[in-house]
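Look at the chain shown below and follow it from the whole to single residues. The text starts with one residue, steps back to the overall layout, and then returns to details.

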Amino acid sequence: MALVIDQGVLEILKVDAETPLEITTIGRNLIVSPLTDRKERQRFKAALAATNQKHGRLLKRLAG
């Protein structure tokens with residue numbers, strides 16, 4: 001699955017393709033927020049690297 005966010009909304013939020021995002025839920029609501037905490041960014045980068053290591057080929061196929 002993918003979540004597509006309009007470019008105008010991304011500009012308002014000052015989010016680009018390099019901005020790590022945190023996805024949380026409250027009840028049945030999905031909340032997508034940019035990570036601002038340095039430790040959280042490091043944790044995100046480590047998790048992203050592990051995911052890319054494990055599923056990188058599949059993710060590239062799905063994106064293409």
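In which helix is the place of Ala46? Ala46 sits in helix 2, the element made of residues 38–63. Ala46 counts as partly exposed because its relative accessibility is 48%, and partly exposed covers the range between the 20% limit for buried and the 50% limit for exposed. Ala46 and Val4 are 42 residues apart along the chain, and their C-alpha atoms are separated by 24 Å.

Now take the chain as a whole. The model is predicted, and the average pLDDT of the chain is 87. A score of at least 70 is reached by 100% of the residues. Confidence is highest in helix 1, at a mean of 91, and lowest in helix 2, at 86. The chain contains 2 helices and 2 strands, and along the sequence they follow the pattern α-β-β-α. Its C-alpha trace spans about 30 × 30 × 25 Å along the principal axes.

How much of the chain counts as buried? Of its 64 residues, 9% do. The accessible surface of the chain comes to about 6,200 Å², and carbon and sulfur atoms account for 55% of that surface.

Part of the surface is a nonpolar patch formed by Leu3, Ile5, Val9, Ile12, Leu13, Ile23 and Leu30. Together these residues have about 700 Å² of accessible area. Helix 1, residues 7–13, gives the most to the patch, with 3 residues. Leu13 counts as exposed because its relative accessibility is 52%, and the limit for exposed is over 50%.

The next stop is the loop between helix 1 and strand 1, where Lys14 lies. Lys14 is exposed, since its relative accessible area is 74%. Its backbone has a feature to note: phi of Lys14 is near 60°, a positive value in a residue other than glycine.

Thr19 lies in the loop between helix 1 and strand 1 as well. Is Thr19 buried or exposed? Thr19 counts as buried because its relative accessibility is 18%, and buried means under 20%. A polar atom of the Thr19 side chain lies 3.0 Å from the backbone nitrogen of Asp16. With neighbours within four places in sequence left aside, Thr19 is in contact with Lys14 and Pro34. The exposed Lys14 and the buried Thr19 are therefore in contact.

Which residues is Glu22 in contact with, leaving aside its neighbours within four places in sequence? They are Ile31, Val32, Ser33 and Leu35. At 35% relative accessibility, Glu22 counts as partly exposed. Glu22 can also be compared in position with His55: the two are 33 residues apart in sequence, and their C-alpha atoms are 19 Å apart in space.

Methods:
Residues are numbered from 1 along each chain as its sequence is written. This is a predicted model: local features need pLDDT of at least 70, side-chain atom pairs count only at pLDDT 80 or more; totals for chains, interfaces and linings use all residues. Side-chain values use heavy atoms; hydrogens and water are left out. Helices (H or I, at least four residues) and strands (E, at least two) are DSSP runs, numbered from the N terminus. Buried means under 20% relative accessible area, exposed over 50%, partly exposed in between (1.4 Å probe, protein chains only). Patches are made of residues with over 30% relative accessible area and no salt bridge: like charges are joined within 9 Å, nonpolar side chains (Val, Leu, Ile, Met, Phe, Trp, Tyr) within 5 Å. Accessible areas come from the Shrake-Rupley method with a 1.4 Å probe; for residues, only the protein chains shown count as cover. A salt bridge is a side-chain nitrogen of Lys or Arg within 4 Å of a carboxyl oxygen of Asp or Glu. A polar contact is a pair of N or O atoms within 3.5 Å; within protein, one must be able to donate a hydrogen and the other to accept it, and residues adjacent in sequence count only if both atoms are side-chain atoms. Contact means heavy atoms within 4.5 Å. pLDDT is the predictor's confidence in each residue, from 0 to 100.
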